[in-house]
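Thanks for making time this morning.

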Amino acid sequence: MQVNIAESWKNILQPEFEKPYFKNLVDFVKSEYTQHTCYPKGKDIFAAFDACSFDDLKVVIIGQDPYHGVGQANGLCFSVHDGIAHPPSLINIFKEIETDTGKAYPTSGDLSRWAQQGVLLLNATLTVRAHQAGSHQKQGWEQFTDAVITQISEQKQGVVFLLWGGFAKKKGVKIDKSKHHILTTGHPSPLSANRGYWFGNKHFSKTNTVLKSLGKAAIDW
């Protein structure tokens with residue numbers, strides 16, 4: 001089965017595309033997009049992989065679901081297209097970058113600028129029905145993204161994984177801690193951030209410190 005995904009990922013993930021669960025997942029997603037409004041747009045379902053090649057990858061940020069509001073989801077976790085109001089979690093991410101690195105709060109919520117520097121912005125579930133958070137969970141996406149994380153862990157060295165919140169931390173069991181760097185903190189959502197589990201984590205400066213120690217270019221957050 002052919003999946004429209006960037007060439008650098010195709011050979012690595014092709015075995016997953018041939019498995020029965022993934023074929024069932026494709027059927028489910030096609031049915032959902034035919035019968036309901038779903039996000040992101042079909043062409044953007046694998047946008048995280050298109051924007052960040054496997055060869056360039058050096059940081060992974062794991063989200064949960066795509067945004068389920070009109071026009072928000074663009075296939076990169078926590079990211080929105082230009083001109084779309086910044087969702088609360090993204091606001092808190094930018095606030096932390098501001099205090100951590102001194103970088104001014106940006107007008108654009110499109111995080112493809114991070115992806116182009118080697119940051120994989122991966123949601124655990126790559127699709128969602130409009131206005132129904134979690135509606136495409138437990139259909140196979142989690143198994144697929146587990147496989148993505150496993151392949152990165154096995155085939156790469158010195159990747160920085162940013163695990164925000166309990167859901168992302170559970171995905172972390174797939175990561176070889178002897179080969180990679182894992183930073184954990186609370187989720188940037190207001191519920192978590194307002195309880196003191198997000199602000200002050202300094203994940204952005206810490207990530208760059210690790211990258212520099214490995215002889216890699218820092219991320220311009």
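Before any residue comes up, one term has to be settled: a residue is called buried when its relative accessible area is under 20%. Please also keep in mind that what you see is a predicted model.

Searching the whole structure turns up 19 aromatic pairs. One of them joins W9 and F49, whose rings lie 4.9 Å apart, centre to centre, with 80° between their planes, an edge-to-face arrangement. Is F49 buried or exposed? Its relative accessible area is 0%, and because the limit is under 20%, F49 counts as buried. W9 is likewise buried, with a relative accessible area of 0%.

Let me turn to another pair, W164 and F204, where the ring centres are 6.0 Å apart and the planes stand at 65°, so this pair is edge-to-face. Here too distant parts of the chain are linked, with W164 in strand β5, residues 160–164, and F204 in helix α9, residues 203–213, 40 residues apart. W164 is buried at a relative accessible area of 2%, and F204 is buried at 0%.

Finally, back to W9 and F49, which belong to a cluster linked by ring pairs that also takes in F17, Y21, F22, F46, F54, W141 and F144. Over the ring of one member of that cluster, F54, sits the charged end of K156, 5.1 Å from the ring centre.

Key:
Residues numbered from 1 in each chain as written. Predicted model: local features only at pLDDT ≥ 70, side-chain atom pairs only at ≥ 80, totals over all residues. Heavy atoms only, no water. Phe/Tyr/Trp six-rings, centres within 6.5 Å; stacked < 30°, edge-to-face > 60°. Buried < 20%, exposed > 50% of the residue type's maximum accessible area, 1.4 Å probe, protein only. Helix = DSSP H or I, 4+ residues; strand = E, 2+ residues; numbered from the N terminus. Lys NZ or Arg CZ within 6 Å of the ring centre and 35° of its normal.
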